[in-house]
Amino acid sequence: MINSQESYFNTFGVGEAQLSKLVEAALEHGGDYADLFFENSTYRELVLRDGKVSTGGFHVDYGVGIRVLKGDKTGYAYSESTQMRDMLATAEAASAIAMGSDTDGRTAAKIVREARSTAATYTVQHSNGDRLVRRFFTGRPNPAADRYPVAMDWRSAAVESLKPYLEKLETAIRRKDSRVLKVIGILEVSMSDILMYNSFSELKYDTRPMGTLAASVVFSDGKSIENSHVSRSFRMGAEMLTEDLIEGLAEQVTSRLDDKFSAKRPKGGVMPVVMGAGASGILLHEAMGHSFEADFNRKGQSIFAHRLGQKVCMDGINIVDDGTIRGNRGALNFDDEGVPGQRTCMVENGVLASYLHDRISAKFYGVTPTGNGRRESFRYNPIPRMRATYMEGGNSEPESIIASVKKGIYVDEFSNGEVKIGEGDFTFYVKSGYLIENGRLTMPVKDINIIGNGPKALADIVAVGNDPKIDDAAWTCGKEQSAAVSCGIPTVLVKELTVGGE
Amino acid sequence: MEIPWTITEEERLLAEECLGYAMKAGASGARVTMNKNMMDLFSMLNGELDKVTRSGDRSIMLCVFADGKYGTFSTNRLGEEELKDFAEKAVATVRLLEEDPCRKLPDPLRCAKGALTGLEMGLYDPEYAGMDASKRLDLARRACYFGDAKAEGVEVISEECEYSDSISDEYLIDSNGLSCRDIESSFEIGTEYTIQGADGRKYSAYWWDSSTALKDLGLETCGRRAFERALSTVGPAPIKKGRYNLVLSNEVSGRVLSPVLNALKGTALQQKNSFMLDSLGKKIFPSGLNIYDKPCEVGRLGSKLYDSEGVAQRERAIVKDGKVETYFINTYMAGKMGMAPTIESDQRPCVEPFGPAEARDEKSIMELCGDGILVCGFNGGNNNSSTGDFSYGIEGFHFKDGKIVKPVEGVVMTGNFLRLWNNLIASGRDSRPCRARQVPTLAFKDVDFSA
């Protein structure tokens, strides 16, 4: 949602003159670049437990983060007050990174003027041969280009109007299966007003909505207990709450329940693994996406460092990180450095085509920032982060992929994943899946780990389904800070991964 | 003693006013927790300053009880008018929720009385008041090992070293007259090394230390230990799938205790989402296993005189001679479950020594076990909270005759927490002081490893 410039100035009690003065103060000791990130967030939650929406609340978070860059080095400080006196003190603290550096006798105002005149230090335009490709929208935010317009603002949605959705969710879940023992329903919503300004005089602002409806359900068949958790999360207002959404969640959380109760841990070993469409996209996020984040590559730590332009997987595979999907949890009009949200093809036809950049790494590599500079809140400096990370569809029928496996495993529900960036080693916890025997799904399996190595797993993808799917669950990435992301993948076959089992 | 960045008298009054506003707006009870923190962080990259961060936070959390209903609210906008509006809106919001008779403030008789100044637990180091940017930069530099590591002829890709110090102050009051305070300083150092082995592969490792007192911080050894750990992982090899003795380093042994403690919490038990259901008073664990909560030991990280409701902490047995002695039941869950309340959560759980007397630390426990897998880190994995089944990717070493043979790779450890703890061979005496959960090196027999 993009409101008027005035509304953001009013929210934070600032105007362009103050913003300019703060940037000058931040560069007082000779930094190369400074930016300001104002945030006014309201979070609300309602919890249904034991059939009643008896817990709820709201939370207010307000402040400004000020960053100074000196080369690749960062000074960062924030203030929970936007009184000019407090913000100037914060700018002074952030400027510490540049203390003692050589300013050649230039004043802060001169440094800012120089930065503005070149405007290239941290935002070089991408050069395509001799043709300058203008990829930046340098003007003020345009509501017509908004990726998350809000029909019903969460801040004005009354508690009475939201409670029934949780009650309906429980009713729908209990209606689906008699083995439901306990249901916790959670509605978490937020609206964040963001105002950004930097030493190039770029001014950006938007209001970011987020809504998440989730259910944790405990089932009992009289002999044993199982649990399941489902969620849907969107950058949308209260209009996201629909009967279809509730029905979809209820259906998902109760689906394949017989299999859940009968599932066993399979024998472990090295075997082909078929990743089901959708949530298996966590594989891309953890095993590949993090290794493509440019900060790890700039420092030489990533296993994909120095591999730009190299073949990393079979022809036809495209892996994308996308901030442009309307209403998606990872969508952004602008990243948290004011760079326009965009779609970045990391792997194009099997070749590593781009890292994910913030302004620092973009400057280092001499490329345009890709709009991946993100932060959890004004309390954090931005770093390269993913948005919606997915693999585009291929040409294989999902059924034929499964049929091609003599003995292996099919997985489609994950609850955790982690990667070691340098080594590329990853592990995923699989909540549920099936054995594949002679091309057919047979015994349900649960609670296993799949481990592998990112580059090897990517190179070992031998079939890509024609069923690409973005998973709209409430995925949250935890690289140093929390960030809302989403992921997706078509059905794919990895010819060899280690499955942990009995 | 003047302590910088702590809650001022004026701010205490703000918290009390917020409580008053809530009561005036019609709350039947309320609890206010004011938190104020300051943290300074200096990050070094390859021996040079890379990032300086200053973080100062001040917020109020308000729990409102009104008309038998309940809600939680927080804000960092602490102007007087803003607080009044916040408290009034909070009470109005609570009134729109549904009644839950189990929601109430804790009995004042159960609440802490002695947390008056916040300094009772001895977790504030006066050295903190003298910290400035140049001292912090010096400490960060002293923790680096980059130059020495390069001199050893190893191809170092990066050394990232972070020094931080912080102070936190909490002031908790409720409408029954409760008043508690807790002030802690913290000094922390962490280093991550990425090196390239002769095989061309990258290897990384991390080491960290933390203390409430600067003098106890393992500053000088941090970078070196991270480097040595990275070096020790070069040239890993897979192991044969099978059952092995497991030795869990004191760096990560808390990972197998946490799920057990979580399963003993009322929130999990009441939802029937716990593999410790109906375990109270039963001998679930091996004879001789003792786990105590020791939250009142002065000067020990994790110690605190009260929980988030203000209920007084005391030492209690969680597991005694294998028998489950405690569920963690807060006031709300006590009402829901029809049980007597205990405490919200474990605060500073300590696993006591178990097994032969010579089992003291990692080295002696590996010697005791003979052969097995030493696990020094985890990479992913999870557990099923209903069944206690787990599966974790691990990092560590294969050891034979009590000595490390080689690092392992591509290994997954699977099992069930109850079965695992019943296969406990030994618990050492080497818990790291920098952790609130005091879990020493542990050894278990017959653990499944896939590779």
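In chain B, strand β7 (residues 242-248) is joined to β16(B) by 6 bridges, and the two strands run antiparallel. The model is predicted.

- Strand β16 of chain B covers residues 442-450 and is mostly covered, with 7 of its 9 residues buried.
- In β16(B), L442(B) stands opposite S427(B).

**An open sheet in chain B**

- Four strands of chain B form an open sheet in the order β10-β9-β8-β11, with antiparallel pairing.
- The edges of this sheet are β10 (323-324) and β11 (349-351) of chain B; each has a single partner strand, so one side of each is left without a neighbour in the sheet.
- Inside the order, strand β8 (residues 291-293) of chain B and strand β9 (residues 316-320) of chain B pair over 3 bridges in the antiparallel sense.
- Opposite I291(B) stands V319(B), a residue of β9(B).

**Contact between chain A and chain B**

- Chain A gives 59 residues to the contact and chain B gives 54 residues.
- On the side of chain A that touches chain B, β2(A) gives the most, with 12 residues.
- By residue type, the side of chain A that touches chain B divides into 21 nonpolar, 22 polar and 16 charged residues.
- β2(A) also pairs with strand β3 (residues 69-75) of chain B, in the parallel sense and over 4 bridges. T55(A) has Y70(B), in β3(B), as its bridge partner.

**Domains of chain A**

- Chain A is divided into domain 1 (5-44 + 52-135), domain 2 (154-192 + 207-261) and domain 3 (269-500).
- In chain A, 20 residues of domain 1 are in contact with 15 residues of domain 3.
- On the side of domain 1 of chain A that touches domain 3 of chain A, the elements giving two or more residues are β1 (33-49), β2 (52-70) and β3 (73-79) of chain A.
- β2(A) gives the most to this side of domain 1, with 6 residues.
- The residues of this side of domain 1 divide into 7 nonpolar, 7 polar and 6 charged.

**Helix α8 of chain A**

- In helix α8 (residues 282-292) of chain A, 11 of the 11 residues are buried, so the helix is largely enclosed by the rest of the structure.
- The buried residues of α8(A) include E286(A), H285(A) and H290(A), as well as L283(A), M288(A) and F292(A).

**E437 of chain A**

- E437(A) lies in strand β17 (residues 425-437) of chain A.
- E437(A) counts as partly exposed because it has 13 C-beta neighbours inside 10 Å.
- Not counting residues up to four places away in sequence, E437(A) touches K407(A) and T442(A).
- I409(A) is 28 residues from E437(A) in sequence, and the two are 8.3 Å apart in space, C-alpha to C-alpha.

Technical notes. Residues are numbered from 1 along each chain as its sequence is written. Chains are lettered from A and ligands numbered from 1 in the order in which they are written. This is a predicted model: local features need pLDDT of at least 70, side-chain atom pairs count only at pLDDT 80 or more; totals for chains, interfaces and linings use all residues. Domain bounds come from an automatic or database domain assignment. Two residues are in contact if their C-beta atoms, placed from the backbone, lie within 7 Å. Ala, Val, Leu, Ile, Met, Phe, Trp, Tyr, Cys and Pro count as nonpolar, Asp, Glu, Lys and Arg as charged, and the others, Gly among them, as polar. Two strands pair if DSSP finds at least two bridges between them. A residue is buried if 20 or more other C-beta atoms lie within 10 Å of its own, exposed if 12 or fewer, and partly exposed in between; C-beta atoms are placed from the backbone.
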